[in-house]
Amino acid sequence: MREDGEERSGDFDIKAVRAFVEVAHDLSFTRAATRLGVPQPRLSTRIQALEAQLGFLLFQRTSRKVELTDEGVAMLEAAERIVAMVDRARNIAADLQAGRSSQLRVGATAFKVPHRWAILRGFISAFPETALHVETGVTLDLLDKLRSGAIDLAFTLGPVPPDLQQLLLSDDRIGLAVPAAWKAGRQGRVTLQDLAGASVAMFPRMPDPDLHNTVRNRLLAHDVRLVELPELNSEAMTEYIRQTGTPIVSAQWWWEGEGASDLSFVPVAEITETMAFFLVSAGERSNPAALALWRMVEDGVEKFRPI
């Protein structure tokens with residue numbers, strides 16, 4: 001790839017990092033300079049500047065051969081990753097600037113999942129010219145809209161059918177969302193025996209009937225009274241807890257997404273199951289904006305997960 005313009009990433013000169021990667025692949029300054037389209041002396045100067053910045057040599061050079069030092073070997077994988085991410089970002093930006101798509105249609109479940117908002121904020125910041133449309137709905141409807149092309153990507157709960165592609169965003173433990181003052185939860189967790197005779201609201205059977213049935217049967221076996229939620233969205237569930245004091249079986253990310261000081265999440269000792277949260281695609285991301293968001297998450301999914 002020929003280099004044009006100034007490239008920097010933090011304190012590192014990306015041109016120098018790219019030069020290091022190219023030389024390391026062939027162990028040849030001459031061939032690397034040819035591929036990058038720069039004079040060999042300039043390439044050598046960039047490598048030397050990078051070595052000076054790092055405080056150690058990346059290559060052992062003699063008149064007959066070039067070899068990576070131990071430090072060079074240790075640095076190579078990270079350097080390759082940096083170069084790949086820069087190239088990918090350039091390609092995405094080129095697609096968007098070409099005007100092949102100026103909008104992105106995203107489906108999402110009606111729950112406040114912290115990393116979903118972090119991902120969308122990151123996308124808006126990176127691509128402010130792209131019109132982002134978010135449509136909320138239940139997971140099964142969102143999956144159907146993906147298949148029909150009505151939306152480009154979807155944030156969904158539960159298992160993803162094999163005909164769709166997925167990126168796992170979270171897989172958090174099931175427990176109870178409760179009022180902060182709930183007595184049974186003051187020890188930081190409860191047992192099923194603690195819940196005997198109490199009323200608890202369950203999450204709906206779909207989209208993960210196996211998970212629902214497992215947790216439901218375990219609660220019923222300990223004489224827990226299960227009640228239905230009147231409305232299934234974050235605001236209604238939060239208000240339900242506040243008005244009735246009834247705990248709701250939920251994933252930990254739901255409570256974290258609410259960020260309410262008067263609510264707490266309490267694990268149940270005997271319930272270790274988890275609820276998965278995904279970014280899902282129908283596979284063919286012809287919309288460059290959808291490809292940009294997918295790649296952004298694929299390259300940095302860890303940074304979007306709550307700590």
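## D87 and its partner R18

D87 comes out as partly exposed, at 22% relative accessibility. This is a predicted model, and in it the D87 side chain meets that of R18 in a salt bridge, N to O at 2.9 Å. D87 sits in helix α4 (residues 70–97) and R18 in helix α1 (residues 14–26), so this pair ties together parts that lie 69 residues apart in sequence.

What about R18, buried or exposed? With 3% relative accessibility, R18 counts as buried. The cut-off for buried is under 20%, so D87 at 22% lands in the partly exposed class.

## Salt bridges elsewhere

How many salt bridges does the model have? The count comes to 12, and the D87 and R18 pair is one of them.

Another one joins R35 to D26, where the closest N and O atoms are 2.5 Å apart. Both ends are partly exposed: R35 has a relative accessible area of 34%, and D26 is at 30%.

## How α1 packs on α3

Back to α1, the helix that holds R18. How do α1 and α3 pack, and at what angle? Helix α3 covers residues 40–54, and the two helices pack at about 105° with their axes 9 Å apart. That angle makes α1 roughly perpendicular to α3.

Which residues meet where the two helices touch? On the α1 side they are K15, A16, V17, A19, F20 and V23. On the α3 side, the partners are L43, R46, I47 and L50. Sorted by class, this contact has 8 nonpolar residues, 2 charged ones and no polar ones.

## Putting α1 together

Taken as a whole, α1 has ties to two other helices here. It carries R18, which pairs with D87 of α4, and it packs against α3 through residues including F20 and V23.

Note on methods: Residues are numbered from 1 along each chain as its sequence is written. This is a predicted model: local features need pLDDT of at least 70, side-chain atom pairs count only at pLDDT 80 or more; totals for chains, interfaces and linings use all residues. Side-chain values use heavy atoms; hydrogens and water are left out. A salt bridge is a side-chain nitrogen of Lys or Arg within 4 Å of a carboxyl oxygen of Asp or Glu. Helices (H or I, at least four residues) and strands (E, at least two) are DSSP runs, numbered from the N terminus. Buried means under 20% relative accessible area, exposed over 50%, partly exposed in between (1.4 Å probe, protein chains only). Axes are lines fitted to C-alpha atoms, for helices over the stretch in contact, and angles run from 0 to 180 degrees between N-to-C directions. Angles under 35 degrees count as roughly parallel, over 145 as roughly antiparallel, 65 to 115 as roughly perpendicular and the rest as oblique. Contact means heavy atoms within 4.5 Å. Ala, Val, Leu, Ile, Met, Phe, Trp, Tyr, Cys and Pro count as nonpolar, Asp, Glu, Lys and Arg as charged, and the others, Gly among them, as polar.
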